[in-house]
Amino acid sequence: MRVLKLMGVMLVLGLLVQGSALGFEDDEQPGMGGETPPRLSFADGQVSFWRPGSPDWIEAQVNMPLATGDQLYVGESGNLEVQTDGGSFVRAGRNSQIGLGNLDQNYTQFRVTAGAVSLDIRSLDSGKTVEVDAPNAAFIIDRVGYYRLDVNGERTSFTVHRSGHATVAPADGETFGIGSGERIVLDGTTDPQVGSYRESDLDRWDQWCLSRTDDLLDSQSGRYVSRGVYGLNDLDRAGVWQDTTAYGAVWMPTDVPEGWAPYSNGSWIMDPVYGWTWVDAAPWGWAPYHYGRWISLDGRWFWAPGPPLPRPLYAPALVAFFGNQGGGSGAVIGWVPLGWGEPLVPWWGPERFRRPWWGGWGGPRGREVESGRYQNLAVGNGMMVVSEKRFGRGHLELMRSDGRGGDLRPIQADRLAPGVVGRGLPVGNRGIRPSDALMQRPVVESRPVRLNGTGNTGREQAPGIRGHVPVTYSVPPAPRQLKTDTDRNYQPVPQGGSPVLRSEEMRRPQNQERAVAPGPVPQGGNPVLRSEEMRRPQNQERAV
């Protein structure tokens with residue numbers, strides 16, 4: 001019996017070794033990543049972006065994967081939206097500055113020095129928290145709900161709607177909980193005076209934020225793609241789905257010119273975590289470039305997501321890289337989209353994991369591609385080729401290769417020519433720049449921001465993350481039930497009355513207008529929106 005058991009163990013080990021040799025690796029290998037970075041999913045009006053190491057601010061580009069240290073700014077007019085989870089969105093209105101702090105699997109951190117910010121959290125995994133750091137306090141969110149933050153000079157207000165809950169950690173370190181229906185106002189940054197109000201009514205910008213989330217989550221594409229994938233609503237507007245016998249449901253873009261091909265309109269950037277990452281210029285260009293595979297049918301390109309997975313894994317791009325031998329002035333770099341069932345050879349993470357990988361792919365798996373014979377090389381416009389001098393230097397002017405790529409040979413992105421390594425900072429038109437005073441404002445935070453990713457190591461830190469006031473908190477407490485007058489600067493709101501505050505300057509009617517207006521609103525009308533797809537009556541019913 002022992003001999004049989006030993007033989008069984010050896011057989012299993014042999015199969016595992018054989019599978020590894022063939023390139024069949026576990027979907028989630030240590031160090032492979034797969035966590036989806038926050039996505040800049042909407043930018044309208046004067047919205048600019050800065051990444052550590054960049055010489056100046058540029059106009060923000062939709063579909064930019066955000067990383068620790070990135071900064072966003074909205075000028076006198078505009079709105080921006082960041083998607084942080086399948087059902088979580090952070091939005092900022094005019095005159096707002098927001099930065100990305102630490103980004104861990106169970107922790108997302110934002111830094112706000114001015115403006116109006118909403119957090120519409122529709123889903124939150126167990127043990128995950130979202131932290132928003134302001135000049136007066138840090139706000140740690142641990143429950144689904146709708147949250148509104150307004151920062152105006154020395155005053156910060158934070159409101160919890162819809163059964164939400166957060167922990168407030170002021171600069172003086174005395175943390176307390178805040179529950180649904182409550183608004184906290186803090187005056188001062190070193191020893192803030194704290195007042196408690198009942199929640200104020202949602203204004204028209206709040207209603208737009210909630211309505212937009214409803215629309216984004218009500219997506220036809222969710223029938224065919226894992227709900228955890230970002231940008232499904234964008235697919236609804238820009239293409240059509242059809243069923244196929246061989247590939248299941250596939251999606252075809254309808255707003256592209258004749259002869260278009262995937263990975264032909266965008267740029268390669270160097271992501272701090274994932275290395276070379278494709279940023280597509282099309283508004284819908286997120287899901288089809290970080291998940292699934294591309295196939296060609298009857299002369300048209302289709303995106304094939306494969307069977308939906310409970311937990312889709314993100315990839316910076318799904319391509320195979322090619323290059324010519326010898327380099328020099330004629331050196332070029334090419335890439336071809338992976339076809340049905342083909343593995344990705346990662347160029348990020350530990351070198352020992354740079355082997356064929358099907359992470360995030362739920363369909364059938366082919367064996368390792370032999371001699372670079374990828375399926376889409378047989379398609380006339382399957383490979384995109386660009387001069388090595390242009391790779392990683394902004395929007396690309398592409399050349400099409402001849403069928404099988406001529407003299408190009410497979411390469412990995414981390415083994416590109418030395419002249420290419422080190423490029424990849426986002427490039428674009430010059431954007432509006434916030435004032436130095438605004439960017440240098442310190443914020444209260446529970447964790448100092450550390451730039452320790454691949455691309456950010458050793459780079460200059462943004463002015464807005466130089467100073468911080470560290471605070472600590474343990475288990476988030478329940479909302480405080482104040483029963484006496486001894487609790488400093490924080491007292492309950494009496495039934496039918498105004499807030500009881502110790503600071504006279506904070507005594508004001510609850511319906512007083514906010515000091516920071518997120519966007520222009522015409523008298524008696526809806527918010528002024530600059531995107532036609534968002535112009536609709538606020539009471540319009542959702543499509544079923």
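The dialogue below takes up the features of this model one after another.

Colleague: What kind of model is this, and how many helices and strands does the protein have?

Modeller: This is a predicted model. The protein has five helices and 27 strands.

Colleague: What share of the residues counts as buried?

Modeller: A residue is called buried when its relative accessible area is under 20%. Of the 544 residues here, 54% count as buried. Among contacts with a separation of 6 or more, 64% are between residues 24 or more positions apart.

Colleague: Which residues have the most contacts inside the largest nonpolar core?

Modeller: The largest one here has 58 residues, and Trp268, Trp335 and Phe391 have the most contacts inside it. Take Phe391 as the example: leaving out residues up to four places away in sequence, Phe391 touches Trp268, Trp276, Phe321, Ile333, Trp335, Val386, Leu396, Leu416, Val420 and Arg423. Apart from this core lies another, of 40 residues, which includes Leu66, Ile121, Val168 and Phe176.

Colleague: Phe176 also belongs to a strand. Which way do the residues of strand 12 point?

Modeller: In strand 12, residues 176-179, Phe176 and Ile178 point one way, while Gly177 and Gly179 point the other way. All of them are buried. Strand 12 runs antiparallel to strand 11 (residues 165-170), and four bridges join the two. One of the paired positions is His165, whose bridge partner in strand 12 is Gly179. The two strands form a hairpin with five residues between them, and Gly173 in the turn has a positive phi of about 85°.

Colleague: Where else may I study a hairpin?

Modeller: Strand 15 is joined to strand 16 by a hairpin through three residues. Strand 15 covers residues 239-244, and six bridges join it to strand 16 in an antiparallel arrangement. Asp243 stands opposite Ala249 of strand 16. Strand 16 is largely enclosed by the rest of the structure, because five of its six residues are buried.

Colleague: How should I read a positive phi, and which residues other than glycine have one?

Modeller: Most residues other than glycine have a negative phi. Asn63 has a positive phi of about 80° although it is not a glycine. Asn63 is in the loop between strand 2 (58-59) and strand 3 (71-85). Tyr263 likewise has a positive phi, of about 60°, and lies in the loop between strand 16 (248-253) and strand 17 (266-271).

Colleague: Are Asn63 and Tyr263 buried or exposed?

Modeller: Asn63 is buried, because its relative accessible area is 1% and the limit for buried is under 20%. Tyr263 is buried as well, with a relative accessible area of 0%.

Colleague: How many cavities of 30 Å³ or more does the structure hold?

Modeller: A cavity is a space where a probe fits but cannot get out. The structure holds two of 30 Å³ or more. Of its 14 lining residues, the closest to the centre are Val225, Ser226, Pro305, Pro307 and Gly360. By class, this lining has ten nonpolar, four polar and no charged residues.

Colleague: What lines the second largest cavity?

Modeller: The second largest cavity has a volume of about 40 Å³. Its lining includes His290, Arg293, Leu313, Gly360 and Trp361. By class, there are five nonpolar, four polar and one charged residues.

Colleague: Where is Gly306 found, and which residues is it in contact with?

Modeller: Gly306 is found in the loop between strand 20 (300-304) and strand 21 (319-323). Gly306 is buried, with a relative accessible area of 10%. Leaving aside neighbours within four places in sequence, Gly306 is in contact with Tyr224, Trp340 and Trp361. Gly306 and Arg293 are 13 residues apart in sequence and 7.7 Å apart in space, C-alpha to C-alpha.

Key. Residues numbered from 1 in each chain as written. Predicted model: local features only at pLDDT ≥ 70, side-chain atom pairs only at ≥ 80, totals over all residues. Heavy atoms only, no water. Core = buried A, V, L, I, M, F, W, Y, C linked by side-chain atoms within 4.5 Å. Buried < 20%, exposed > 50% of the residue type's maximum accessible area, 1.4 Å probe, protein only. Contact = heavy atoms within 4.5 Å. 1 Å grid on protein atoms, 1.4 Å probe; cavity = no way out; pocket = protein on both sides within 12 Å on 5 of 7 lines; lining within 4 Å. Points joined across faces, edges and corners; volume = space filled by probe spheres on them. Nonpolar A, V, L, I, M, F, W, Y, C, P; charged D, E, K, R; others polar. Pairing = 2+ DSSP bridges.
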